[in-house]
Amino acid sequence: MAGDLDVVRLRDAVVLSNGFPLLSGVDLDIPSGSLNVVTGANGAGKTSLLRLLAGLVALSTGTGTVAGIDLIEGDQRQLRRRVGWLGHEGSFYNDLSVRENLVFAARALERPTSDIESVVERVGLAHRVDTTTKKLSAGQRRRLGLAWLLLRRPELWLLDEPYASLDDSGRTFFDDLLGDVVAGGATVVVSAHDPLRSSALRPRTILLAGGRVVRDSA
Amino acid sequence: MIRVALLVAAKDLRIELRSRVLLWQVVPFGVMALLLSGLALGPDHAGNSSAGPGLFYLVTLFVALLMINRSQAIEGTPGTKASIATLGLDPAGVFLGKSLALAVELWVTGLVLLGGAVLVLHTALHGALVALPSILVTLGAMSAAGTLYGAITAGGDGSATLLPVLTLPAFAPLLIAGERSFSSALHGGALWEWWVILAVALAAYLAVGILLYGVLEES
């Protein structure tokens with residue numbers, strides 16, 4: 001039964017791309033302040049689900065709301081401002097420095113730029129803050145992605161395979177930070193091939209196959 | 001809208017300054033193309049030829065196509081596009097910002113090429129200065145139209161080759177009006193009429209872009 005505090009509510013959600021179903025009837029409720037891991041084989045629909053929740057792809061049939069905004073009739077731009085997206089392809093302006101990327105994001109969202117120093121300190125990038133993004137390692141780019149999200153403080157974090165390219169310490173750092181984010185009241189949805197390492201986090205695990213939810217630990 | 005436009009324009013210009021593609025690749029390409037045009041005319045005919053304004057705008061067209069592709073490539077990777085989309089920026093502001101940044105880049109390149117036309121094609125300096133306002137308006141209109149058409153082709157298969165096919169019909173009236181205005185400045189003739197046509201074209205492309213850029217981005 002869906003609760004009033006659900007950040008995500010999907011009913012028979014179908015997403016088509018050129019007639020091909022990326023999601024083929026997803027029913028899902030995600031409560032506020034929860035940590036959720038979406039797993040599944042390649043092509044199962046993990047990224048498509050996250051992109052749907054971010055308002056980056058349209059719902060073809062079915063119904064859904066994210067952060068109270070209807071996925072069909074709601075203001076998609078407003079929805080996007082309320083979610084934070086970290087893709088696995090790299091998400092920044094390569095010719096700008098870490099600081100310049102964060103200043104751009106802060107100003108775009110009319111957030112104070114004074115938070116940048118503490119955020120880069122938090123993600124361990126203080127020593128690379130004036131480095132051009134294209135010179136960062138893959139793991140450091142992930143940390144910049146986290147800094148971007150910490151600066152934005154979205155109510156729904158959507159992280160598409162954030163563990164790719166991370167070493168052991170990076171994964172542990174990531175898990176710890178996600179724990180803090182959830183403890184702060186935000187909702188996190190992570191797509192990953194592997195379960196989270198930290199046993200303390202105890203995330204809900206949603207298994208996708210063929211664009212459907214086939215197992216849910218909730 | 002204006003706040004977003006200035007933010008986006010500053011970001012695009014900063015990226016261009018950092019990458020130096022304009023300085024080390026596009027401007028040299030334009031100067032070489034102009035030099036080859038002068039060589040094609042020959043030393044005896046360059047100064048007397050009425051082809052100077054047309055050659056100037058032809059080279060500017062090549063340069064503009066390169067710059068439009070560059071401008072769209074800034075947000076070209078899927079990850080960057082998604083991240084920026086989740087900032088929920090006003091699309092009209094994004095359009096104006098990208099057009100402004102592209103216009104500044106084209107103005108800088110245009111000034112260099114105009115200097116090149118004076119030196120290589122022996123275009124009269126006084127006439128070039130008289131033509132300068134119309135050149136700036138023409139390049140501004142090309143920036144607005146280019147940003148609009150760049151959004152249509154961005155991310156598609158063969159976007160680099162599709163862009164010229166789509167933009168040339170849109171650029172044609174601008175290039176004709178710009179060339180006629182430049183020629184009138186050099187050799188006498190109607191000047192204000194062409195300036196008015198260019199100003200109306202600039203306003204029209206800006207209006208269409210403000211209205212449609214969001215739809216084009218979504219599609």
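This is a predicted model: local features need pLDDT of at least 70, side-chain atom pairs count only at pLDDT 80 or more; totals for chains, interfaces and linings use all residues.
Student: What makes E3(A) and E9(A) a pair of strands?

Tutor: Two strands count as paired if at least two bridges are found between them. Strand E3 (residues 35–39) of chain A and strand E9 (residues 204–209) of chain A have four bridges, in the parallel sense. As an example, Val38(A) has Ile206(A) as its bridge partner in E9(A).

Student: How do you know that E9(A) also pairs with E10(A), and in which sense?

Tutor: Four bridges join E9(A) to strand E10 (residues 212–216) of chain A, and the two run antiparallel. With at least two bridges required, they are therefore paired. Ile206(A) has Asp216(A) as its bridge partner in E10(A). The two strands form a hairpin with two residues between them, and Gly210(A) in the turn has a positive phi of about 60°.

Student: Why are E6 and E10 of chain A called edge strands?

Tutor: The open sheet has six strands in the order E6-E7-E8-E3-E9-E10 (chain A), with mixed pairing. Strand E6 (83–86) and E10 of chain A each pair on one side only, and they are the edge strands. Neighbouring strands of this sheet are turned by 20° against each other on average, direction ignored.

Student: What joins E3(A) to E8(A), and which helix packs on the sheet?

Tutor: Four bridges join E3(A) to strand E8 (residues 187–191) of chain A, and the strands run parallel. One of the links is that of Val37(A) with its bridge partner Val190(A) in E8(A). Helix H6 (residues 168–183) of chain A packs on the sheet, touching E3, strand E7 (156–160) and E8 of chain A. The direction of H6 makes about 145° with that of E8(A).

Student: How many residues does each chain bring to the contact between chains A and B?

Tutor: Chain B contributes 18 residues and chain A contributes 23 residues. On the side of chain B that touches chain A, helix H1 (2–19) and helix H4 (78–85) of chain B each supply at least two residues. That side divides into eight nonpolar, seven polar and three charged residues.

Methods: Residues are numbered from 1 along each chain as its sequence is written. Chains are lettered from A and ligands numbered from 1 in the order in which they are written. Axes are lines fitted to C-alpha atoms, for helices over the stretch in contact, and angles run from 0 to 180 degrees between N-to-C directions. Two residues are in contact if their C-beta atoms, placed from the backbone, lie within 7 Å. Ala, Val, Leu, Ile, Met, Phe, Trp, Tyr, Cys and Pro count as nonpolar, Asp, Glu, Lys and Arg as charged, and the others, Gly among them, as polar.
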